[in-house]
Amino acid sequence: MTKDEVAAALDEIGTLLELQGESPFRTNAYHNGARAVQQIEGDLKELVAAGKLVGIRGIGEALRDKITTLVTTGKLPYLDDLRAAVPPGLVEMLRLPGVGPKKIKFLYDTLGIDTIPKLQAACESGEVAKLKGFGAKSQEKILDGIRFLGTVGNRVLFAEAYPLGLALLEQIRQFPGVTAAELGGSLRRRRDTVKDIDIVCAAADAGPIMERFVKLPEVMQVVGQGPTKSSIVAGYDTGHGHKVVLNADLRVVTAEQFPFAVVYFTGSKEHNIRLRQRAIDRGLSLNEYALAGDEKNVKCADEAAVYQALDLQWVPPEMREDTGEVELAEKSAPPNLLEPGDIRGVFHNHTTASDGTASLEDMALAAKKLGYEFFGVGDHSRSLTVANGLTPDRVRAQWAEADALNAKLKGVRILKGTECDILLDGTLDFDDDLLAGFDYVVASVHTHFALPEDQQTDRICKALSHPAVTMLGHATGRLLLRREGYKANIEKVLQAAAKHGKMIEINAQPSRLDLDWTHVKRAKALGIPLVINPDAHSTGELALVPFGVNVARRGWLTKDDVFNTRPVGEVVKELERRKAAWK
Ligand code: DGT
Ligand code: CA
Ligand code: ZN
């Protein structure tokens, strides 16, 4: 068990105890313990074996026993019992914004509400508004949250579905008789969320493939087993107290049909419709098995050949959304899209100085290990006290630490940045004198999400007009499948960024991924440089960058469109140029 997994288990215990109405004293002990575990230096297993968990702040005897059990056995009966004792509907309700464990427990005790549908009914009848501590406004907010969950349905984050899709795909590729296999659907197009896993494979005899597929270890349920198509429910435990569960469809075709099937099942549906129309225009007909002419089928060895037969260049799956890629591929080859290996450094990251779990040095070394030339620290600013935002004094101390590390470290350069809060009125959280001392400034909204759209837009645009700001962080504040972003007019925000020469971040956190891909292309058209940032709160999270690259690819970005693909020397020069222009 990794530190993160142990921490997740402790957090889950804390939350389940809260749902049972335990005292904050006891529940906080688990949440604080989780933070403490993440910050332990060294190998957890070795520390446990050597009995060295004693005397660590935040880890008392009760927690020590549980951590020991978790690390040595990989299980914790205490947690399993808790899970069994708390109605699953209560845990489900935690997904709703604005209702924490305390309120859920209260709803359960007073109205017997133990599922989201019951909560919805109680809100719709107005009962919830009458409860102490709720009111009409919070009742409306709960209903909004339930509606939002309804629209996201059972979709799953790309980052959670992708490993499962790959695991299935790799096993299928090893089945005897399989000559080719590929992911299809939204997973291959790397959308930010997916409904299910689509896989296509080629084999002469489908029967034995279907037999093996429905017996894979990830299979939780067989929904249907047909001669050439089977559907299963597959799942795995993330180790964060929640299970990823989704449908997976496998289709078996012949080797000759395979290129057509891969094109078809990759989609999108809208892209497919365009391809089919092109076929018709050429006196052909395209379906999932063939490109058929009057006399005989057109033979295609691979996907590129299918596109070629329709007088198109091959289109990368991420671009297949019918947003202009067909017109483009008619005239010329689609762009060389950004690759994870193009990224040379990152700007928006946190350390133990604010709410991160690793020191500045460890973060910089981890960045170097990933092949990055620079590591930009962007800890939170003063007013964000919940995330331990830095005071001006602590900022200066961090600069001194960065200077000392830069004198010592080889092969990676630390850049001194801040993730500076955009305050309610659109001003920045630090004064100009201090701001002038940073190498760059990421400006982000972390508070007052509920402002009316006009006000929120003005607030962000005003911040973008500040000469110290280098880039806008997580542009909408959304949490995919959990929370809508703040309401802001993105077009106006992009216009402001373009006018003031600012960059915009693509946040690579799998649950954020904003700027949304649908706006990335517009940003590019306006000449706004984009930046892929992991918003890393631990060394491990630096590896999230490729999820941001997926968004960039869906927004047609090339290496030239993204600022952090430049060598560190150029990056520093550009940041200095911007600062000189201010003074
Ligand atoms: P998802 O699953 O909602 O995340 O998105 P997709 O794109 O994976 O959609 P899905 O799983 O319903 O279908 C997989 C692919 O199959 C889709 O991308 C294109 C193709 N497809 C499905 N239904 C249709 C259809 O009615 N017409 C056409 N032309 N293609 C379709
Ligand atoms: Ca799908
Ligand atoms: Zn951040």
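Modeller: The account below begins with the ligand and then turns to the backbone, the sheet and a pocket.

The model is predicted. The shell around ligand 1 holds 16 residues, and R155, S186, R189, K195 and D196 are the closest of them. By class, this shell comprises seven charged, six polar and three nonpolar residues.

From K195, a polar side-chain atom comes to 2.8 Å from an oxygen atom of ligand 1. Y264 places a polar side-chain atom 3.3 Å from a nitrogen atom of ligand 1. In the case of T266 a polar backbone atom is involved, at 3.5 Å from an oxygen atom of the ligand. Taken on its own, ligand 1 has 600 Å² of accessible area, of which the protein covers 76%. Two or more residues of the shell come from each of these elements: helix 12 (185-189), strand 4 (196-203), helix 14 (258-266) and helix 15 (269-281).

The loop between helix 14 and helix 15 contains S268. The peptide bond that joins G267 to S268 is cis, with omega about -10 degrees. Most peptide bonds are trans, and most residues other than glycine have a negative phi. A cis bond also links D514 and L515, where omega is near 10 degrees; L515 is placed in the loop between strand 16 (503-507) and helix 23 (517-525). H448, a residue other than glycine, has a positive phi near 55 degrees. This histidine lies in the loop between strand 14 (440-444) and helix 21 (453-464).

One bridge pairs G376 with L415 of strand 13.

Finally, there is the second largest pocket, which holds about 570 Å³ of space. Its lining consists of 17 residues, and those nearest its centre are K141, D144, A450, E484 and K487.

Technical notes
Residues are numbered from 1 along each chain as its sequence is written. Chains are lettered from A and ligands numbered from 1 in the order in which they are written. This is a predicted model: local features need pLDDT of at least 70, side-chain atom pairs count only at pLDDT 80 or more; totals for chains, interfaces and linings use all residues. Side-chain values use heavy atoms; hydrogens and water are left out. On a 1 Å grid over the protein atoms alone, a cavity is a set of points where a 1.4 Å probe fits but cannot get out, and a pocket is an open set with protein on both sides within 12 Å along at least five of seven lines; lining residues have an atom within 4 Å of a point. Grid points are joined across faces, edges and corners, and a volume is the space filled by probe spheres set on the points. A residue is near a molecule or strand if one of its heavy atoms lies within 4 Å of it. A polar contact is a pair of N or O atoms within 3.5 Å; within protein, one must be able to donate a hydrogen and the other to accept it, and residues adjacent in sequence count only if both atoms are side-chain atoms. Accessible areas come from the Shrake-Rupley method with a 1.4 Å probe; for residues, only the protein chains shown count as cover. Helices (H or I, at least four residues) and strands (E, at least two) are DSSP runs, numbered from the N terminus. Ala, Val, Leu, Ile, Met, Phe, Trp, Tyr, Cys and Pro count as nonpolar, Asp, Glu, Lys and Arg as charged, and the others, Gly among them, as polar. Two strands pair if DSSP finds at least two bridges between them.
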